[in-house]
Structure formats: structure tokens, C-alpha cells
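Dear colleague,

Please find below the structure that I am handing over to you. My notes on it follow directly after the sequence and model.

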Amino acid sequence: MTAQRTVDVVVIGAGISGLTAARRLTQAGRSVAVIEAGDRVGGRTMNLHVTDGVITEGGGQWVGPGQDRVLALIDELGLRTFKTFIDGKSIYHRRGRSRRYDGTIPPMNPLAIADFAQLQLRLERMAKSVPLEAPWTARRAQEWDATTFGRWLDAHSFTAEAREMFTMAFTVTNAEDLHSTSLLVQLARIKGGGGIDHAVNITDGAQESRVVGGTAAIADRMAADLGPAVVLDSPVSDVHQDADGVLVRSARADVRADRVIVAMSPADAARIRFTPDLPTRRSMLQRRWSTGSENKLFAVYDRPFWREQGLNGQAVTDLPVANYVVDNSPPDASVGILLTFHGTAGAGCGQHWSDAILDDPAARHDAFLADLTTLFGPEAAKPAAYLEKDWTHEQWISGCVGSRAPGSLTQYTDADRRPTGRIHWAGTETAILNQGYIDGAVSAAERAASEAFTAAGTRASGSVLS
């Protein structure tokens, strides 16, 4: 039986963005309902059980300096962070040869290092000219949006090694082939995320810290505070708005409200029927939205044995599966965990995985362990456990990091976040700063909550939303 209720604002989606919006509105004295299609909260963050008292993160997991909104939320919720393990040497493996190195720069050929530097300099110069609030107004916006980041790298790199390094780094962060990513979108992300070094580095970068207990704890604590306002297993079918308000219909609850916040990726929002129809730009944006298909693979050992070899567990490679490896062990090192990223976008060096690797978990398992054995020795061949988180087959979440195809930013401009009548849009895809990160999910939620609160006509002096 479908329950009916009336609240001030209904939030669709119980990921970190939706729950943050609901939290801020509740703190400001608004009544809310959060409607979630799945059977859990957290969206694209989730914990995987490793062993008693030990988890690893199946989705978004890192936070870093400059990500002020999520760091403030973590502190507000009474959670703690710990640094990603970096003590020891990293491994650079290319063309059958492994070399160990200190610091952040792999021992590439000097010409490749110079090439990487000129690519970085050019990209960051271009990014500076992109207005973050309206990147489609940049002087060269049409030109940059008409091409892809991958094509630009092909045209402006002089060495295969530097091009492969850029491709590996940004394939991991974008979760898709760089030949599918608009150059203009990438430039806006470089500027809004603090630069290329911040995007790819651990120390002083976006991968500097993790949350004790996993990033899913952020959503779990907010949901616990919201209590019965959160309704799970209730996919939304319809959003009907008129002069009197909004009616949201879902499997387990029909909710009337003054405003609605949709905290979903544009691709996922396309599943909902909106009455009246959405504006053309918003509707077309949802149809053309690109969502990355990156998955995560974990090898679990009884201890982080690589640390005994003076290694920190990080590796940058041209191996078939493990192009980038990082130590994902818990803060007490009670077990050792090595993580790599895997998806349909292809390997960092421009290769593409076979259907066997993509579709057969046993083949992925064997290929991953073979790569780890090449990097860390025979002990890596015998993990105590092997875990995967496959984001390509989620029922209610179409992949992980979202992006825009070439041409769509200049065509659809701010349709991702522009309110549509009583509908407001959240989710990290709508963030201006740190788009694609958990921090972007939080800042987008706070912006959408402020819009909904203000539009309802009761901005309170001193409110958390004022």
C-alpha cells in the first residue's frame, strides 16, 4: 500500500548529495522526505565487508585539501579521516621493466617528463580562461567543446609515454575513455578541482585521505539523524508540479511538497516522468548524459606484505589490468588491501580489455593477480580474499562518475543545475567546484537546499542556509 504524506521539500535520491540537502533543510526548520529507489543509502559510496571490523570502499572514497564542504561535513558528523598510505617507494612498470622510485614523478624518459610538463602547462593555461560559473562562455568554448580531451592529447603530445601517463591518470578519475570526454568539460574540472597536480596526487591532492569506517559512514550517519524521513525501496515514477506544489509518486510513498530536489545524475533522472514536460535543454541533456563505467578490484592479504619490502603499494603500469594500484588497507593495517580500477574505457596505455576480462569474474581475478605478482612478487598471487564492486550492473545507478559528451556543454549550458519551476537539481554532476568528487556532491546539495528554502519564502536570519 502506498503511503501519503505532506512535507515542505521532498528529496529524490539518498546518496550523499540528497541526504546533505535534506539535512540542511531540516536544520533550517523545514520538513523533508527522502525517497530512495534502492535498498540502502549512500548512492555511489558504499562499504564492502572484508572481515570482522574491516571494510573497504566500493565507491567514492577519497577526500583532500581544498574539498572544504565535505571535510566540514565529516567533522560535523563526528567522523575522522586518515591519510592514504604513502611511506616507501612506488613502482613504475613499463614494457616489461619495473623500477622503484620516490616522490610523485615516475622515472619516465626525460623527454617524456618534459612532454608531460608542457602538456600540463598548456592545459592549465587553457583552464584559467574558462569561467567556472559559465564555462560555455569561454572565448574558445565552441572549439574546445567540439573536440575530446583524448583527441587533444593525441594532437599535442610528442611522446607516447607522456600521453599514456595522462591517459591513465584521467581515465581513472573520469571513469571513461578520454576520447568520449569534452575538452571544455575537462578544462572546467581542472580549474574547479584545484589543478592537475591536485587531481592526480595523493599528498596535497584529491586522494590524500580516507574516512575511518569508510565514506559510506557519511550517508549512514545523516540517514540515522533523518530517521523515518528516509524511505528506501521506493523508486520514483512521476513528478507532477503545478501552481499549488509538487506531487512525487513512488513505489512506497506519494509525497506532496512545495519543492522537490532531484539528487540523481541526469542519466538516472531520465527514468522519471515529469509533468509538465521538462524544458528541451534539460530533457536532451538527460538523454545525452555520459556516465563512466569504472569498477573496483581488491586483493586482500593477511598483512600489507609489500610494506616489508619498503614499498607503499602504489604502482603505475602498462600491465593488462592493473594500470594503477594503491594500498587500500585499513588504518590499523590489520589486513593488507591492494586496489585497482577497471572498466570498459580501456587500459591506461590505450589498450582495451577483452570480453573475457570484462564479463568473466574468474578471468578478471586471474589477470589482476597475475599483474600484482609481476609487481609485488609471488606472495601477491595468493590473497586471503578477492573482492569486486561492479558499477556497470547497478539497478538504479547508471555507472559512477558522470560527464558530458563533446558539444553538450555549449548546447545545454546550465540545464544541469538551473531550477525547473519547483524542481531543483543536486548531485556532484551539478557542482561548480570539485565536480565528480564527494565534495562536489555536498556543495551541490547545499546550493540546491538554499534554492528550495529561499523559493519557499522563509529565509531565516542566521539560518544554516542563509
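A word on the annotation comes first: UniProt positions are given in the numbering used here, feature names are shortened, and annotations may be inferred rather than shown by experiment. The model is a predicted one, in which local features need pLDDT of at least 70, side-chain atom pairs count only at pLDDT 80 or more, and totals for chains, interfaces and linings use all residues. Residues are numbered from 1 along each chain as its sequence is written, and side-chain values use heavy atoms, with hydrogens and water left out.

**The annotated position**

The UniProt record, an unreviewed entry, places the feature "binding site" at Phe341. This residue belongs to strand β21, residues 336-343 (strands are DSSP runs of E with at least two residues, helices are runs of H or I with at least four, and both are numbered from the N terminus). Phe341 has a relative accessibility of 12% and therefore counts as buried (buried means under 20% relative accessible area, exposed over 50%, and partly exposed in between, with a 1.4 Å probe and protein chains only). Leaving aside residues up to four places away in sequence, Phe341 touches Trp62, Val172, Glu294, Asn295, Lys296, Val321 and Tyr324 (contact means heavy atoms within 4.5 Å).

**Aromatic pairs and charges over rings**

A search of the whole structure gives 11 aromatic pairs. The rings of Phe, Tyr and Trp (its six-membered ring) pair if their centres lie within 6.5 Å; planes under 30 degrees apart count as stacked, over 60 as edge-to-face and the rest as tilted.

One of these pairs is stacked: the ring centres of Phe116 and Phe166 are 4.3 Å apart, with the planes at 25°. The pair links distant parts of the chain, as Phe116 is in helix α3 (residues 110-128) and Phe166 in helix α6 (residues 160-174), 50 residues apart. Phe116 is buried at a relative accessible area of 19%, and Phe166 is buried at 1%. Phe116 and Phe166 also belong to one aromatic cluster with Phe149 and Phe170.

Phe368 and Tyr386 form a tilted pair, at 6.3 Å centre to centre and 55° between the planes. Phe368 lies in helix α13 (residues 361-376) and Tyr386 in strand β22 (residues 385-389), so this pair ties together parts that are 18 residues apart in sequence. Both Phe368 and Tyr386 are buried. Helix α13 also contains Pro361, which counts as partly exposed at 44% relative accessibility. Pro361 and Glu388 are 27 residues apart in sequence, and their C-alpha atoms are 8.7 Å apart in space.

Two charged side chains sit over rings. Arg307 lies over the face of Phe85, 3.6 Å from the ring centre, and the charged end of Lys389 sits over the ring of Trp391, 4.8 Å from its centre. The criterion is that NZ of Lys or CZ of Arg is within 6 Å of the ring centre and within 35 degrees of the ring normal.

**The five-stranded sheet**

An open sheet of five strands has the order β11-β3-β2-β15-β24, with parallel pairing (two strands pair if DSSP finds at least two bridges between them). The edge strands are β11 (230-231) and β24 (423-425); each has a single partner strand, so one side of each is left without a neighbour in the sheet.

Strand β15 pairs with β2 in the parallel sense over four bridges, and Val11 has Ile261 of β15 as its bridge partner. Three bridges join β15 (residues 259-262) to β24, again in parallel. Here Ile261 is bridged to His424 and Val262 to Trp425. Both faces of β15 are covered: Arg259 and Ile261 on one side, and Val260 and Val262 on the other, are all buried.

Helix α15 (residues 438-455) lies across β2 (9-12), β15 and β24, and runs at about 160° to β24. Axes are lines fitted to C-alpha atoms, for helices over the stretch in contact, and angles run from 0 to 180 degrees between N-to-C directions.

**The β12-β13 hairpin**

Strands β12 (residues 236-242) and β13 (residues 245-250) pair in the antiparallel sense over six bridges, and form a hairpin with two residues between them. Within this pairing, Val239 has Val248 as its bridge partner. Strand β12 is also joined by three bridges to β16 (residues 273-275), in parallel, where His240 is partnered by Thr275.

With kind regards
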